Amino acid sequence: MSYLYVASSPEVSPQDRRMVRQCLTREFALPMKELEIPAIDFAYDAGRRQYSSIAVLEMLLRLCPGDAGKLLAVTGRDLFVPVLTFVYGQAQLSGLVAVFSLARLRQEFYGLTPNREALEERAAKEALHETGHLLGLVHCADRSCAMSLATNIGQIDSKQAAFCAPCRARLSRQKGVVV
């Protein structure tokens, strides 16, 4: 049996780990396990003051348990890829590993008062989005779908923490994925 692993780096609170796992449990009927990963300090780029999501994905591939069908990691660190100023997350399309960050999902990142409800809703959308990529979904033109591309927090806020009917149908045709 293979599992969907939900991994987290040390700065992610137990409450945030539970929140991500609960979101995935609501959406997918996949067996899940949890995994703690080491700090991602090795991926820090001092010039950008951010963490390389590519380096994190490479680490996740090395640490991925043998019984993992997919592994979604969550971090509290701000992520980037070289061609973009930041990414909310990154996944291997139809691959094994993905990562997303809570950093820019927090109101405090934008100088606002913390809002737990907003964080949980945004994190659910990003967890579904990156897991969708792992399961073979590409970006969706439906702006309300969890698979729609979001390049700013307003776009995340305007989409749903759910897949549109066509994306849901694509997932339901995959072996072992029940949505």
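Which elements do the buried residues of H2 pack against? They pack against E4, strand E5 (68–75), strand E6 (79–80), E7 and E8. Packing here rests on contact, meaning heavy atoms within 4.5 Å. Helix H2 covers residues 53–63, and its buried residues are Ser53, Ala55, Val56, Leu57, Met59 and Leu60. Buried means under 20% relative accessible area, exposed means over 50%, and partly exposed lies in between (1.4 Å probe, protein chains only).

This is a predicted model: local features need pLDDT of at least 70, side-chain atom pairs count only at pLDDT 80 or more, and totals for chains, interfaces and linings use all residues. Residues are numbered from 1 along each chain as its sequence is written, and side-chain values use heavy atoms, with hydrogens and water left out.

**Overall build**

The protein has 5 helices and 8 strands. Helices (H or I, at least four residues) and strands (E, at least two) are DSSP runs, numbered from the N terminus. Read from the N terminus, the order is β-α-β-β-β-α-β-β-β-β-α-α-α. The radius of gyration is 15 Å, close to the 16 Å that the globule rule gives for 179 residues, so the protein is as compact as a globular protein of that length. That radius is taken over C-alpha atoms, and the globule rule is 2.2 Å times the number of residues to the power 0.38. The C-alpha trace spans about 45 × 35 × 30 Å along its principal axes.

Of the 179 residues, 49% are buried. Among contacts with a separation of 6 or more, 67% come from residues 24 or more positions apart.

The protein carries 21 positive and 18 negative charges, and their mean positions are 4 Å apart. Lys and Arg count as positive, Asp and Glu as negative; His and the chain ends are not counted. Each charge is placed at NZ of Lys, CZ of Arg, CG of Asp or CD of Glu.

**Aromatic pairs**

The structure holds 5 aromatic pairs. Rings of Phe, Tyr and Trp (its six-membered ring) pair if their centres lie within 6.5 Å; planes under 30 degrees apart count as stacked, over 60 as edge-to-face and the rest as tilted. One of the pairs is Tyr3 with Tyr5: the centres are 6.5 Å apart and the planes stand at 75 degrees, so this pair is edge-to-face. Tyr5 is buried, at 6% relative accessibility.

Tyr44 and Tyr51 form a tilted pair, with 5.0 Å centre to centre and 55 degrees between the planes. Tyr44 is partly exposed at 39%. Tyr51 is buried at 12%.

**Two loop residues with positive phi**

Which residue in the loop between strand E3 (44–45) and strand E4 (50–52) is worth a look? Arg49 is found there. Arg49 is not a glycine, yet its phi is positive, about 55 degrees. Ser94 lies in the loop between strand E7 (89–91) and strand E8 (97–101). Phi of Ser94 is near 60 degrees, again a positive value in a residue other than glycine.

| Residue | Relative accessible area | Class |
|---|---|---|
| Arg49 | 67% | exposed |
| Ser94 | 48% | partly exposed |

Glu126 lies in helix H3 (residues 116–134). Is Glu126 buried or exposed? Glu126 counts as buried, at 3% relative accessibility. Leaving out residues up to four places away in sequence, Glu126 touches Tyr88, Phe100, Leu105, Ile156 and Lys159.

Leu102 sits in the loop between E8 and H3. Its relative accessibility is 0%, and it counts as buried. With residues up to four places away not counted, Leu102 touches Val12, Asp16, Val74, Thr75, Gly76, Leu119 and Ala123.

Leu149 is found in the loop between H3 and helix H4 (153–158). Leu149 is partly exposed, at 39% relative accessible area. Beyond residues up to four places away in sequence, Leu149 touches His139, Cys140, Arg143 and Gln155. Leu149 and Val138 are 11 residues apart along the chain, and their C-alpha atoms are separated by 9.2 Å.
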